[in-house]
Each structure stands twice: as structure tokens, then as C-alpha cells.
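The tour below moves from one selection to the next.

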Amino acid sequence: MNPLFMSILLIVGLAVFSRTMIQKVQLLMALEPTDRANHIMDRIKNMVVIAMGQKRLVGRKKEFASGLMHAFIFWGFCILLIRSLNLYGEGFVKGFQLPLFGDGSILGYLYIALKDIMEGIVLLMAGYAIFRRAILKPARLHNTWEAYFVLGMIMVLMISDLLLDGARYNLIVLFNNPDHLHFFNNPQYGAEFAWTPVSVGAASLISGLSAETNALILTIMFWLHIITQLTFLNFLPLGKHFHVITALPNVFLKSLGYPHEQTKLLDLEDESVWEDESLGINHIHQLNWKQGLDLYTCTECGRCKEVCPTYTTDKPLNLHDFNDSLKFELLDNADNLIKRAKLAASIKEDTDPEKVEEIKARMAELASKKALIGEVITEDTLWACTNCRACEQVCPVTIEHVPRIIALRQGQALMAGEYPQELNPAFKGLERNGNPWGIGYDKRAEWADGLDVKIMADDADVDYLLWVGCAGSFDDRSKKVSVSMVKILQKAGISFAILGKEEKCTGDFARRTGNEMMYQMMAQENIETLNNYKVKKIIAACPHCYNTLQHEYPQMGGNYEVIHHTDFIDQLIKSGKITLNKSFEGSLTYHDPCFLGRYNSIYDQPRSILQGLSKQGLKELDRNGEESFCCGAGGGRMWMEETIGKRINLERSEEIAGKQVTTVAVACPFCLTMVEDGMKELNKDEEIMTQDICELVAKNMA
Amino acid sequence: MKILTTVKKVVDVELNIHVENGAIVEDGLQYVINAWDENAVEATVQLKENNGAQTTLVTIGGPDNTDIIRRCYAMGIEDAIHIDDSSLEKADSYVYANVLQKVYEQGEYDLIITGKQAQDTDNGQTGIILAQNLDIPCVSNVVAMEVLDDQHIKVSRLGDAGTEIIELELPALVTVTDSINEPRLPAMRGIMMAKKKKINVMDLAGLGTSFEEVGGNDLKSEIAEYMTSETRQAGQKFEGDAAQITAQVVNLLATEAKVL
Amino acid sequence: MAKVLVIADIKQGVLKGSTAELLSKAKAIGAETAVVAIGSNIESLTSELANAGSDTQYIADDPSLELFSAGPFASCVVDAAKQFEANMIWFGFSEGGKAVAPRVAAQLSCACATEITDVTLSGEQIEVVRPATANKVIQRIKINSDKVVAVVRAGAFEASPDITGTQNVVKLSSPAPDLKAVIKELISDASGEIDLADADIVISVGRGAKDQAGIDLVKELADDLAAGFGSSRAMVDGGLMAHNKQVGQTGKIVAPTLYMAIGISGAIQHLAGMNGSKTILAVNKDPEAPIFNVADYGIVGDLFEVVPILREEIKKLRS
């Protein structure tokens, strides 16, 4: 077309883009390190399935239509990349064709056909997207001018390319190609336009115009397309559409194994942390670069909001705002942080100590000024989170919200000493008597009186340790669950023992509320006890205990094979050690605990057990499985009052009551308490029984 | 303003306490800071933070008391005096009061704050006896404190007729109850710094006195023996038709229990 | 011969039951009894004080003694004790008693015992029994000094129905006021209501009552019986009942003849405040509620059903 103009556009466009991108990358590099250069094959698989496959959009029953809409726009975008390259080529060389995609191969033809259809589809989808936003107005969407601008640009890109090809068609076919435009004309595959119906359709819209006009349209649409594309490219890093560039890397770099980044084991003895204020996250530069990338990648889709139990009950935890607030804080401090990182890099091993002090002082000055909690994020927001992971489960770009919240809480609890004081009695109880209720540790095994349960201190030669947990030991309602569990294990002839008085709280809620000191204290004591007895296998009835014992204790030298009680019971049934009668009368549903489901992917075993004992089978709640709705007790919230908005447990209990069942099965002592309390408040506790799975099993065992 | 705060290490009353052969079974017991003394420490630290008071704690007990001293340091107390003398294992309120008097006289304290009673003895006498012996004004069961000036504080006391607002001239002694505040959990920073702080440990000789002088050989009362507390047993429980069982119970209250 | 001086428990001009209880015990152990009454405009109580079981009445009546002040009150007690040559000085269980007793003991240089449940005298040896360590153990204490000052646990002693005394008034001189601890103000508890600490019958309401309607229902029962009306912590925390109504470890400790726990689950903190009661009746929907572990009579039922029936039955009984 016009090599000079094309060159200028490309040089300017790409130069500006590069500059922006370099700064964005430098900003990430100025953040804390994290190791993600591992398990490459697993990472590629995630990227292919989640990012390229758009799994969380099209694989979700809810909002399938809009999921598909975006998927098409994305897939269209990917496919059209090749077309774009071709167009840039054509800017320089008339009739430019990419190798492999030229008219010499079937691939070329297939490509132009695909491209053509996709452009049509993308245009329709972009139109649908605008319609959704503007007319249907789904609650989760943030209606900003940016959204419309980008959708507009997408439509312009589609329209310009279609009209460009349309004008080409008209010139070539209707006006006898006066400018000798190139087109596909392979004798084997035929003329190009037989393969591109949508462009031909576009052509018919302007076929009434003269050849000169068509040629003008061709030129205008060509440059409009190029300019729009380069503008679009440069617009991407500036807002939520940065995800176009960062989503694939972000999914590639997501946490593996454990659903999100595991909480770092903080060195609480290290005195230098007080100088740097580096316990937890106190300044924006203490995020690691992957977390920074998360912030860049938030598409502001609002799915996290929709599933968040705190947000849907009117508490101020709006994760999209959470992401945005942190992102803006990061970007506001970009220049300073990059400078600060350069200073940090200049400190070498042999740097003079005085110079080091000077550099550190200058670094301190460049740190962010705003109080992260207080000015950027409010306290209520930070502490409202129940750590349920619903947000992470639906996020199409795999942002890991929860570890950030925990790290921010660490900063607050450890460095600032600011955290909801309601937690104090629970912490004090932990410290003194190893349980959040502060009940005398000497009573921990009283629930087992008369049940003939072995205590490790008397006989440690058993196959399994039954980890009872604080609720199972001290909470009157949960003690019944422990008793049922014992009945089942004894019926199955399993060799097991409990720690009794030596068992202490795993420290889960301390860690979730940022109190690493308390957590490490509990963990250390428990690990010592467990290792003394050479414990190998543990059965836990509480998903929080299970999660901490299995995934977090290894950090401090506690490596055990931990099985959740539903998993264990399922195995017992499958191996014939216990038999279930289908003697449960009444209608039954199951409430998936967050820490069992979303944290540990245990969804099937509880269902299999319940199906095995229920005559009427199992009804599923609307929000079930991966999208189960939290009971509200996680993240330390069990020990805090909900003073804002509607109570989460009430919301869930209402949902359960709406299913018209006579029993709701749970698999977690927190859920048991919260759901049962919710039923009491709804005055439905006589109609709807809340039972732990093992209570149901014990009642229906042969 | 200089404040002296007394702190005692007592058995954790959450635990079951067993008595055998007239004595308490020590096995399995754990010892913690007296709850009301924790309130006293919190009140003291608040006076430091709000009024710039200087703070010192005093505790009487064995080497095990070190952990509660460090905890109080972590809460914000600046200095500690630890009277560690094995002869004091057998003491009564008077002996404690006399030892505390010696400590008090060696500093220039304006205010002594103690918890209203110790959870092991539940006596609630030591502070008041100390104040009486020092002839300084004393108010017990305090739920609020306010500094008026260098010489006066205003306190609220929970009395029988209601809440009494009393103005005290310093030096004075107050005993506090748990309604006064919620003792803070020591912050991490405090705990780290507390690890290195010095504690002033001394025995009675170091204090410039002796067991004899503080009345150790002349205890006014002694615990002859411990006995198990009788726990209340469950009585009769009635389930069924409300009208029927209620009538039954009312009848029993009148005829059997004779309380109606 | 033992000589017991009992400090009269006077509240708003009314002589409280503990005085007769303490004097009855004193007479029961064969002691000579005296009472010291401190207050303003209390001369009229002399005959009552005598009838409660005292053979001498030491009266300190002065306007300056209208409001409680530990220093001056202690001085009066010491004065009376010295005049009477008392070897035992007993206070009824009250905040005032707890504040004054140690002062008196220090001034008389003798042993002090708080919350005694029994006292024995064998020859010259005085022994007291008292709970300690949050009521988990009982101490038997040997008194070495020749005198003892004690605060007696609520309801520990029983008033003897046929107790008598003699009127023999000794006026005490007014004590010097405590210039260093000046009472500026007294914010009284809600008055006009039956004092929980003295009531013979106390009825407390808990979470089972749910809301104001439930509270009103139970209050009617309390009114029927002219009982003290108390509350569990839950209702106080929920803002439905005033703080001074809370029966429990951190509230009021009561030991009435009959305690009714209506809609109260029986958490340990609540039990600590009322398990000294003579008879406990509990009404609760949940048959597993811990309150039934300490109740002498338990009705498992909905209080909204049971309370009206209780009122009916009690009316029938009374007529």
C-alpha cells in the first residue's frame, strides 16, 4: 500500500507500545520474586485448557451464552492475528502473502474461510456484548466508557476488514480489477471469494457505489484497520484490556498443586523485617511479581463479585474493586518503585555499609506513602473475606485473590498489631489451652469417655490417628459427630487412636487471619507431638484441620498422609468394611464445604456416601460443588460477628430451606454450626435437620 | 506519674482441679497470669499511652514467673521487679502486703494498681491491706480510671448501690475488676522486644528485708487442708405434655422442695 | 466465749436478710452477738436489729455516712469491734463488705477470710471453710490470730425463725471522713425494682425468650411471685436486658431459695452466678441443655407454652 506510511505507523505504534510494555515489565520486576519456572508441561496444559479453551467461560453452566460470546471474540482474535500479519505485509508489498497461508495451499484457503466466518461472528458477538452491557445490564458488569470503547474498536476492526475485503471483491469481480489487486486464485481450490461469504455479503452493501468510491473505501478501511489496531494495541496496557496480553501468561504462571499460592512461612525471628516492614504485605512493593501480574490481568468481569458470599450479603468486599485499588496504587507508584528496585540492585556484597545505609534510606523514601489498609483498602473489606475461594474458582484468568488477603492480614496483624479485637479471646484460648474457646485442655478427650477409644499416650501402635479437632472435642453439637465417627471406625475394625489432651488446635484460623506467630506456635507443638509418636496417617473430620495438616504442616516438618473423613468412609464402604443400608427416609441435600471442595477437590466421595444411604437419593442445591456457597465461618470469621449486611449463614440456610428437604448433610463442623444456627433463626430447625455425613452413616450402617 | 502494678501467677482456673489427701494435685496443672492482674496491667499501659505514666510491675514467685513478666513487657510495661524467694511459697495476704510495701518504699510511686483478687485464693485482701498499712487512700472494684492532674485521679467503683464516682488524692491504691478494660494481646513487636528486656530479680535479702520481717513466721491464718468442691447434681427432668409436667413440677416445688 | 460482731447490711434504709442469717449462725455456735449499723437516719432500725438476733447494737448514724465510703465505715466497725471486744467480725456478702473487711482486719492486725461458708469454734481455735480457685476447691483454714474478720457467702447461713435479741444501743462517734477519697457522685442502679441479691425467688430469662414479647411474658411470672428478675448474658449483650440484671460470673451472684432459669441454656458463666441457689427450676426446649445438669427440677418444653401454665398453677396453689 504505502511502505513509508506503514513504516511510520508501525515504528511509532510499536515504539510507544514497547515503551509502555517495558515500563510495565520493569514494574513487575521491581516487586518481590517468586519461582514459577517449573512444571512447564503442567503449565502449558493449564494455559491451553483454561486460557485458550476458555474453560471457565464455556465450561460453566451459568452464563453459558455470555461465556460463549467472549470465547468467540477471543478465538476470533487469535485466528485474526494471522490476517493482521498479512495486512501489515500488504502495507509494504502489494499482494503480500504469508508463507503457508498463501493461495498455494489448502491451509491458506481454509484460513481465509475461517477468518471470514470468525469476523462475522466476532462482529455479532461484539454487538451482543454491547447490547448486554447497555440494555440487559447484568449486575456484575462495570459499565465504563473503556468497555464500550474497546467493543467499539473491535467492531471497527471487524467492519473495516470486512468492508476492505468487500471493496476488494467489488473492484475485482464487479469492476474488473482496474488496480490489479491480488486475490487467491488457485486452480485447485478456486477463487477466493467462493470461500468468503461474509466479505461477499459486505461487498453487496457497497456494490452500488462507483469503482472509485470502492477503491477509496478499500484504502480508508485498510488504514483505518491498521491505525485502529495499533491504537488498540497501545490502549491495551492502559486498562482492563491489558488482559488481552497478560491473560495467557497469567494462566501459565498460576499456582500448581495447591489451588493458590501457599502462605509463605515467615521467619518471625528475623529482626530485619522490622526495618523493612516486610512481614506480610504492608507496602505495595511487597507483592510478588505474579501478584502484580494478577492485578494487570483483572478484566473487571465481576464474576468474582457474583459468587463472593460477603459481597452478595452487602459487605464491602468487592474483589474487582479490591484488584483495582491495588492496581492503581501500584501504577501510581510505578516510577518510584522502578527507581527503588534499581537502588536495591546496586547494593552488592562488597558495598560499603555506610553506602548501604544511604541507599536504604533513599529506598525508604521511594516506598509507597499511602497506608495500604486504611487508605487503599478499608479494614472492613480486608477482614470480611471468608477465604472460601469462590472468586478464584470462577475467575477466567486465574487471579489468586485469597493469598493476597492473607498476606495483607499478616501485615496488619503482625506489624501494625491491627486486627479485629473480637479475635482476641480466640487467640488467647489458643495460646493457653490450645483451643479457641479457651476451655481447659484437660477436658479435650472428655467426649470420648466410655467409648473405649485409645489414646496415643497409652498406645501409639495404631494404623491411624483420628484428629478430632477443637470443635469435635469441645463443641457440644460437634462432639456428637466425633462419637459417630468413632462408631464407624470401630464397626469397621480400624486400628486408631486419638491424641486426647495432647491435641491442640491446628492453628488454621490463626493463619487465615494473618497471625503467623500463633499459627507457628500451634503447628510447632503439634508437629512435635505427631513426630514423637511417628504418626504416618491421619483421619480428620474437619476440612480446615485436614487442609492445614495435609498442605501446610509440611512447611514446618510435619509430613503426614491426611484423609478427610468422608473420603475415608467412602473407602470403607467401597472396600466392604462397612455396609450402608438405604434406610434414610426423607429428602436430602448436601452443602459442600469450601475447604473440602474448592481447596481439595473432594466432591464425589460425600455424594457417593449419601446416595448410598438415601432412599430418595440426593437433591443438589443450586449453588453446589465448585460453586458451593460458603457458610460464612472460614477465614477466621467463625470467631467474629457479622455486623454489616445480611448474615452469610442465613443466606445459605434460606437457599437450603428453599429446596424443601428434610435433612441437609454437611462435612465440616463450622458448616454444621452455621447452617444449624441459620435453620434455628429461620425457625426451621424442627423441619430441616442438619447432620454431618458421618452421623447419617452411623445411623444407617448395617 | 509513676505506677506500680502487682501481678501474680496463678493456676489456670479453666482446668479441672483435683484434690487428693487434703492437697491439690499439681500434675497436669498449668499456671498463667491472674486475669484481674492482666486488667491491671492493661489499665497501667493505657495510662502510659494516654498520660505518659512510668510503669513498673512487681511479682512475687519463682523463676516460672519470667514468662508472665515478659508478657507484661510485651503489653507495654517498662520495668519489672521480680521477688523470687523460696521461703515465700508459704505466705498469706499480710506477707505479700509487707513484701509489696518494701518494694513500694524503694521507689517513688504515685499509684499502685492491682487486680481485685487472685484467681487461686479469691481472697481480694492483699491490695486493701497494703493500702491500709501504707495509709494511702484505696478504692476497690474499679471499672474506670481517669487522671485529673499530677495529684488526683478519678475512678468509678461498682458498689452495692450503684456506680460510685470517687476522686482520689495520690499516692493511692486501686484494685480493678474485669469490666475496666479488655487486656490486649501483645503485638508481635512487643513480644520481640520483650525477649531482650532486663528483669530486676531479687530475693528478700536483696530487697533489704527477711522472711521474719515480712511476717513469714507469724502467719495469721493457714490452709489446713483442701477439699473437693461439691458439684451440683442433676435433679429430675420432665418431658411430655406441657400442662401435665408443669403442674407436676409446681406441686413438687411446693411439697418436696417447699419453696413455693 | 466467742463474741461475734455482725455488720448490718442496710440498703436504702432497709435491713437486709443477711444480718439475721449471720446472727443466727453466731447464736448457733454459742456466741454473744452484737451488730454494728452504719448509715444515716437508721436509728429507727434498732428494734429490727435487735430482733434479728443481736444483744447489743452499735449505731453510727450521721449524714456523712449516707453514702458508702470504705475508710469511715471501716473506722466505725473497728470502733465497735474494740468496744465489744469482738473476736469475730462478720460481713454479709456485698461489695461494701469486701472493701471494708480487709481494712478492719489490717487495723486489728488479724486474719481476714473472704466468702466463708462455715465457721467452727473448738475451744479457742477458730476455723473457717471457704471456696477458692473459682469454686473448684474448698479450703479449711486455721485462724492463728486471736480474731478473725470474715465476709460470709450469700446464703451460707440460715436465719433461724425463732431468733431473739435484746435492745442495747451504743452510739458510735462519727468517724472522720476520708478526705483523700471523696465521693463525687453516685449513679444508682435502676431503683424501684427488686434487688436480685436479696430476693427470695429470682427468675432469669435467657435467649429462649427471643425478644421483648418473651421477656414481658417471663416478667409477668416474676411479678406474680414478687421475684427478682434477672437475665443471662445473652439477653444483656443483645441489648434486651440491662447490665445490672445479668446473673453470672461477670454479673451478679445470687443464692435465692428458688431460682428459675427460663430459656437459659446453662453456660458455665451463668451457672457460676446461681448455682448457690437452694432450689433450681429450669425450663428449656432443648433436653440436652447443660442447665438440666444442675437443675433440681427441669421442664423440657417451650417457655411460651410453659410459663403461662406455671402462672396458672402457681395461682391455683396460692388460692
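**A hairpin pair in chain C**

Begin by selecting C:Val129, which stands opposite C:Arg140 in strand S10 of chain C. This is a predicted model, in which local features need pLDDT of at least 70, side-chain atom pairs count only at pLDDT 80 or more, and totals for chains, interfaces and linings use all residues. Residues are numbered from 1 along each chain as its sequence is written, while chains are lettered from A and ligands numbered from 1 in the order in which they are written.

Next, display S9(C) and S10(C) together: they pair in the antiparallel sense over seven bridges. Two strands count as paired if DSSP finds at least two bridges between them. The strands themselves (E, at least two residues), like the helices (H or I, at least four residues), are DSSP runs numbered from the N terminus. Four residues lie between S9(C) and S10(C) in their hairpin, where C:Thr133 takes a positive phi near 50 degrees.

C:Ser122 is found opposite C:Gln125 in S9(C). S8(C) and S9(C) form a hairpin with two residues between them, and C:Gly123 in the turn has a positive phi of about 70 degrees.

**Chain C as a whole**

The C-alpha trace of chain C spans about 60 × 40 × 40 Å along its principal axes.

Colour chain C by burial: 55% of its 319 residues are buried. A residue is buried if 20 or more other C-beta atoms, placed from the backbone, lie within 10 Å of its own. Two residues are in contact if their C-beta atoms, placed from the backbone, lie within 7 Å. Among the contacts of chain C with a separation of 6 or more, 64% are between residues 24 or more positions apart.

Colour chain C next by domain, as domain 1 (3-171) and domain 2 (201-318); such bounds come from an automatic or database domain assignment. The C-alpha centres of these two domains of chain C are separated by 31 Å.

**Where chain C meets chain B**

Which chains share the most contacts? Of the two pairs of chains in contact, it is chains B and C. Select the 69 residues of chain C that are in contact with 66 residues of chain B. Elements of chain C that each supply at least two residues to this side include helix H4 (95-108), strand S9 (125-132), strand S10 (137-143) and helix H8 (303-318). By class, this side of chain C has 35 nonpolar, 17 polar and 17 charged residues. Ala, Val, Leu, Ile, Met, Phe, Trp, Tyr, Cys and Pro count as nonpolar, Asp, Glu, Lys and Arg as charged, and the others, Gly among them, as polar.

Zoom to strand S11 (residues 162-169) of chain B, which pairs with S13(C) in the antiparallel sense over seven bridges. There, B:Glu164 has C:Leu186 as its bridge partner in S13(C).

**Chain A and its neighbours**

Chain A and chain C do not touch, and their nearest C-alpha atoms are 9 Å apart. The contact between chain A and chain B takes 15 residues from chain A and 11 residues from chain B. Helix H20 (residues 424-433) of chain A provides the largest share of the chain A side, five residues.

Colour chain A as domain 1 (44-252), domain 2 (272-422), domain 3 (433-574) and domain 4 (588-699). The C-alpha centres of domain 3 and domain 4 of chain A lie 22 Å apart, and each of the two domains contributes 28 residues to their contact.

**Last stop: helix H29 of chain A**

Finally, select helix H29 (residues 669-681) of chain A, where 11 of the 13 residues are buried. Among these buried residues are A:Phe670, A:Leu672 and A:Met674. The buried residues of H29(A) pack against H21, H22, helix H28 (648-657), strand S8 (663-666) and strand S9 (689-692) of chain A. After H29(A) comes A:Asn683, whose phi is positive, near 60 degrees.

Notes. Buried ≥ 20, exposed ≤ 12 C-beta atoms within 10 Å, placed from the backbone.
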